[in-house]
Amino acid sequence: MNSILFLTAAVIAFAITAILGKWMIPFLHKLKFGQTIREVGPSWHKNKQGTPTMGGLMFIIAIVAAVFACIPVFHSTGVSETFLMQVKLFAGLGMAVAFGAIGFMDDYISIVKKRNLGLTEKQKLVLQFAVAAAYLVSVGMAGGGTTTLIPFVGRIDLGYFYYILAAVVVVGLVNAVNFTDGIDGLNSTVSFFAFLGLALCAGVLSMTGLSAMGIASAAACIGFLIWNFHPAKVFMGDTGSLFLGGMVGALAFGIDLPILLLPVGLVYWCEILSVVLQVAYFKATHGKRLFKMSPIHHHFEMCGWSEVKICVVFGLVSLVGGALALLAVCFGI
């Protein structure tokens, strides 16, 4: 039964994402929802000016459709999950959609102003922490505790500090995933392996609903790559990248193993850390740079790597991270 559920979720998510591209890309072109390329970015990215953005709507619609099509059918067979697990599933999906809505506002404002600036950093952070808090409160009210599971160690109770730490991790992750979206196909490739790893971990732990949602997310990333792989015909925008970050966080916290975000999200963390280090080093040395350009994928671009090579290498790193997470769950739980 589970294999049929997973296959159905994957097929629905992939098919809707892939098919929507044929309609949505021309529609975004017609609305003139084109990406404005940063002046500080690589000079050769200028030829991407005007490529439709906000394409993340394609896989958001697909993943939501897959979850609402498959999960009720799964529960109707008599195989049910606890109320807490159902809340984690739908609250997690809601959190991801809410982050996507923040990204949509940011993208829309950027397009209207015809520059690569949308919401202010303060506005985005306030909204993001509000969304993260709503998710954590809803899970807590459904019976979720303040403990977290660490492979080979066991459960650790962090008390009320859990909520503060969890909110910071979720918001940090969402922004890290956003930084990963900088070249054709990169975020989709990295996120595919992140979702696959977390989906398999959820499956091993018999959390079927979350596993199905993870598989749907992975399949939707593949469907989006049809349109986003180099040379990209559409960008996901903040609409898509913030949604993906929220979904990765929902899966990791849903299975009570946010610690797995370290290996699974290794590329994400390297991306955001490269930005932090670049800024800190620039200020400390009064103008010197640690990397040729940040986030780190642009550094490799400046070193002569092609966009395809970066996607392959970063994707393999994400694959290894997902494999390590799966091994930790199989042998450490």
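How closely do the axes of helix H3 and H8 come, and at what angle do they cross?

**Entry 1: basis.** I noted that this is a predicted model, in which local features need pLDDT of at least 70, side-chain atom pairs count only at pLDDT 80 or more, and totals for chains, interfaces and linings use all residues. Residues are numbered from 1 along each chain as its sequence is written, and side-chain values use heavy atoms, with hydrogens and water left out.

**Entry 2: H3 and H8.** I looked up helix H3 (residues 83-113) and H8, and found that their axes come within 7 Å and cross at roughly 160 degrees. Helices (H or I, at least four residues) and strands (E, at least two) are DSSP runs, numbered from the N terminus. Axes are lines fitted to C-alpha atoms, for helices over the stretch in contact, and angles run from 0 to 180 degrees between N-to-C directions. H3 and H8 are therefore roughly antiparallel to each other. Angles under 35 degrees count as roughly parallel, over 145 as roughly antiparallel, 65 to 115 as roughly perpendicular and the rest as oblique. I recorded the crossing of H3 and H8 as right-handed, the near helix being turned clockwise from the far one by less than a right angle.

**Entry 3: H5 and H8.** I then turned to helix H5 (residues 161-180) and helix H8 (residues 237-254), whose axes come within 8 Å and cross at roughly 140 degrees. H5 and H8 are therefore oblique to each other, and H5 passes H8 in a right-handed crossing. The contact (heavy atoms within 4.5 Å) includes Tyr162, Ala166 and Val169 of H5 and Asp238, Ser241 and Leu242 of H8.

**Entry 4: H1 and H7.** I found that the axes of H1 and H7 come within 8 Å and cross at roughly 30 degrees. That makes H1 roughly parallel to H7. The crossing of H1 and H7 is right-handed. Among the residues in contact are Asn2, Leu5 and Phe6 of H1 and Ile226 and Trp227 of H7.

**Entry 5: salt bridges.** How many salt bridges are there? I counted four, taking a salt bridge as a side-chain nitrogen of Lys or Arg within 4 Å of a carboxyl oxygen of Asp or Glu. In one of the salt bridges, Lys124 pairs with Asp106, and the closest N and O atoms are 3.6 Å apart. This pair links distant parts of the chain, with Lys124 in helix H4 (residues 121-141) and Asp106 in helix H3, 18 residues apart.

**Entry 6: loops.** I checked the peptide bond from His230 to Pro231 and found it cis, with omega near -5 degrees; Pro231 is in the loop between helix H7 (208-228) and H8. Ser294 and Pro295 are also joined by a cis peptide bond, with omega about 0 degrees. Pro295 is in the loop between helix H10 (266-284) and helix H11 (296-302). Met54, in the loop between helix H1 (2-31) and helix H2 (56-76), has phi near 65 degrees, a positive value in a residue other than glycine.
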